[in-house]
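Reader: I would like to go through this model with you and ask, term by term, what lies behind the words used for it.

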Amino acid sequence: MVTVREARVEDLETLVELNKTCFPQMAEENVVWTVSQLANHVRLFPQGQLVAVEEDRILGAVSSLIVDLGVDSYRQHTYAGITDGGYFHNHNPEGDSLYGADVYVHPEARGKGVGHLLYQARRDLCKRLNLRRIIAGGRIHGYHEHADSMSPENYVVEVENGKASDLVLNFQLREGFIVRGVIKNYIQDPLSKNFATFLEWINPDYQPVEKDGRKVRVSCVQYQVRGINSFEDFADQVEYFVETAADYRSDFVVFPEFFSVQLLSQKALKKLPSVEGIRRLSELTQPFMELMGRLAQEYGIYIVAGSHPMDIDGSLQNVCPIFAPDGSYTLQPKLHITPAEKKYWGISGGNDLRVISTPKARIGILICYDSEFPEAARYLADQGAEIIFVPYCTDNRHGFLRVRYCSQARAIENQVYVVTAGIIGNLPSVPAMDIHYGKAAVFSPSDHEFARDGIQAEADSNVEMMLVSDLDINDLYRSRASGSVTPMLDRRKDLFQFISNLPGDQHKSNPPENGPMGLPV
């Protein structure tokens, strides 16, 4: 008996080989799945990745993602564009259309109803998620035999009227799909001559839902460092801001980079040489982490805990801990280290960059200097980040403006919110931390849905305060799909490739010669 289930990580190698077996011509064109792509599908949208199995043998599979094509719901697109080079990073949970990226059945199992079961499972998924429709770019498998005598549009009409037969299109028509048009330069497919049908199946059970927005409230602490006598003084100052953010019903509170260096103003730690001081500060990691974990639990709030120096496998790193309301935490190291950090403190850059999924939003962290490197923000956005937090510590206006301008650019380029918070005040007794300049701000894409200047909120310069702002996550997706400009959709992947050498992404360091999946975009 053939059954359908969600794909698992252990299935991926088998699915790659099955894909090659089903589409030998496509394999020659390098337009087949890789393990890294399928792994990303399972991570981003496991419900949409289905396999048909019989006695533990995989006979077929489908890959799907959710998209929103915006105001032109039948617009021309390419396979590489709609699937983001096959990696599904542009999977949009707020979209209205289930996109059928692929379906394939082992040649030995064809004609046994496996394809029908997979299509039915996809229709069931569409109904279960209350999506408006299923769409896909369909191969016109037999068009190469008629390309010299008729246009692809005429060929499709001939198939629809029963005057011609097409192995793939006939099956899709029997499954209830309607041809809405022909897509040019969709995919490198010799049999289809790179054309595809724009297919649509309307969900008869769809119930329109009035979405009032997915709102997130953030509080940015413009933290004034001042001399203290004990760890308890520091804890009291931190708790005041966490408590205030919770009183405002904030979902996230973000502290600045290196705000814990205030601890070095205690009498026993004053005026230590910079290298010794930062090492002594790293020895306070345990009480610092215990404090932040306790506050997150007591006040039921996510704390982006600025940054603190930590010894990571023998290397001193500048690390931002992110605490969840249950007290658990994730560590995000700073990747790019400034010359001053290297010179005065001997800090090394980390090698990990991750997106953290929370019930309110998917978030990423770029610590200060990291915001000045477009690749880091692009990576987070491609991994699904909706808000990027930038805790920073700058000593003068020049440094502040570098972070400020770059953070706003990252928001526009990647159509995400960027939330910043910096230190103010003076610590004359702490080498390399004597003066500061800060102005907390929240940046958005620059389009109709957002604030006029792309500045959601902004604090006064160098005044201790907390900046509170509400972010509408749905606005991001509306802007990405149908904004005045759509940079997330309009990237020229035929001209530029993004390569990550982060741990776990090494498989992407050797892209095919023809671009992502060898596809035109």
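Reader: Why is His436 called buried?

Author: This is a predicted model, in which local features need pLDDT of at least 70 and side-chain atom pairs count only at pLDDT 80 or more, while totals for chains, interfaces and linings use all residues. Residues are numbered from 1 along each chain as its sequence is written, and side-chain values use heavy atoms, with hydrogens and water left out. Buried means under 20% relative accessible area, exposed over 50%, and partly exposed in between, with a 1.4 Å probe and protein chains only; His436 has a relative accessible area of 9%, so the residue counts as buried.

Reader: What does the side chain of His436 reach?

Author: The side chain of His436 reaches the backbone oxygen of Gly425 at 2.8 Å, and a polar contact is a pair of N or O atoms within 3.5 Å, one able to donate a hydrogen and the other to accept it, where residues adjacent in sequence count only if both atoms are side-chain atoms. Leaving aside neighbours within four places in sequence, the residues in contact with His436 include Cys393 and Asn462, contact meaning heavy atoms within 4.5 Å.

Reader: What makes Cys393 buried or exposed?

Author: Cys393 has a relative accessible area of 16%, and is therefore buried.
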